[in-house]
Amino acid sequence: MIRRLRERTKATLDRRYATLEQAEELLSALRAEVDDARADLESLRAEVGSLMAGIEGLARKGSDFIAAENPHEMRKKLFEAHRLAVESGRAIELILQTEVLMWQEIDRVAATIGLETDPISRLV
């Protein structure tokens with residue numbers, strides 16, 4: 001954004017003569033770019049704020065884990081949750097692979113008997 005601003009300014013200043021209208025257009029464009037940069041900065045500030053809040057939340061969870069009366073039990077629960085997540089992911093992957101194989105077989109059978117299959121019509 002700054003580079004574009006510099007290029008526009010340099011291009012205008014490189015000309016020997018600039019009319020008042022051209023100067024006003026440049027000033028208007030510069031103001032618009034400054035406003036855009038200000039809006040980008042505000043959105044970045046908001047994003048950094050939300051990230052910092054997330055980090056603080058994770059830090060609290062970590063300190064809760066350390067301060068827990070029985071951290072061994074909490075650790076067991078975390079490992080169990082991780083195990084279940086991994087198993088669920090594997091099961092979903094197997095379901096999707098099976099579905100792909102099923103549709104490939106349907107296409108093979110349809111081609112054998114001379115039917116044309118349209119993959120898009122399956123979605124409807």
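Read from the N terminus, the elements of the chain follow the order α-α-α-α, and the secondary structure amounts to four helices and zero strands; here helices (H or I, at least four residues) and strands (E, at least two) are DSSP runs, numbered from the N terminus. The model is a predicted one, in which local features need pLDDT of at least 70 and side-chain atom pairs count only at pLDDT 80 or more, while totals for chains, interfaces and linings use all residues. Residues are numbered from 1 along each chain as its sequence is written, and side-chain values use heavy atoms, with hydrogens and water left out.

Of the 124 residues in the chain, 5% count as buried, where buried means under 20% relative accessible area, exposed means over 50%, and partly exposed lies in between, with a 1.4 Å probe and protein chains only. The chain exposes about 11,200 Å², and carbon and sulfur atoms supply 62% of that area; such accessible areas come from the Shrake-Rupley method with a 1.4 Å probe, and for residues only the protein chains shown count as cover.

Across the whole structure, a search finds seven salt bridges, each defined as a side-chain nitrogen of Lys or Arg within 4 Å of a carboxyl oxygen of Asp or Glu. One of them joins Glu 7 to Arg 3, with the closest N and O atoms 3.3 Å apart, and both residues belong to helix H1 (residues 2–14), where they are four residues apart, about one turn of the helix. Glu 7 is partly exposed at 47% relative accessibility, whereas Arg 3 is exposed, its relative accessible area being 62%.

In helix H2 (residues 20–67), Glu 42 and Arg 45 are three residues apart, about one turn of the helix, and they form a salt bridge whose closest N and O atoms are 2.9 Å apart. Glu 42 counts as partly exposed, with a relative accessible area of 44%, while Arg 45, at 53% relative accessibility, counts as exposed.

Helix H3 (residues 71–112) holds both Glu 80 and Arg 83, three residues apart, about one turn of the helix, and the salt bridge between Glu 80 and Arg 83 brings their closest N and O atoms to 2.3 Å apart. Glu 80 is partly exposed at a relative accessible area of 34%, and Arg 83 is likewise partly exposed, at 35%. Which residues are linked with Glu 80 in a network of salt bridges? The network links Glu 80, Arg 83 and Glu 87.
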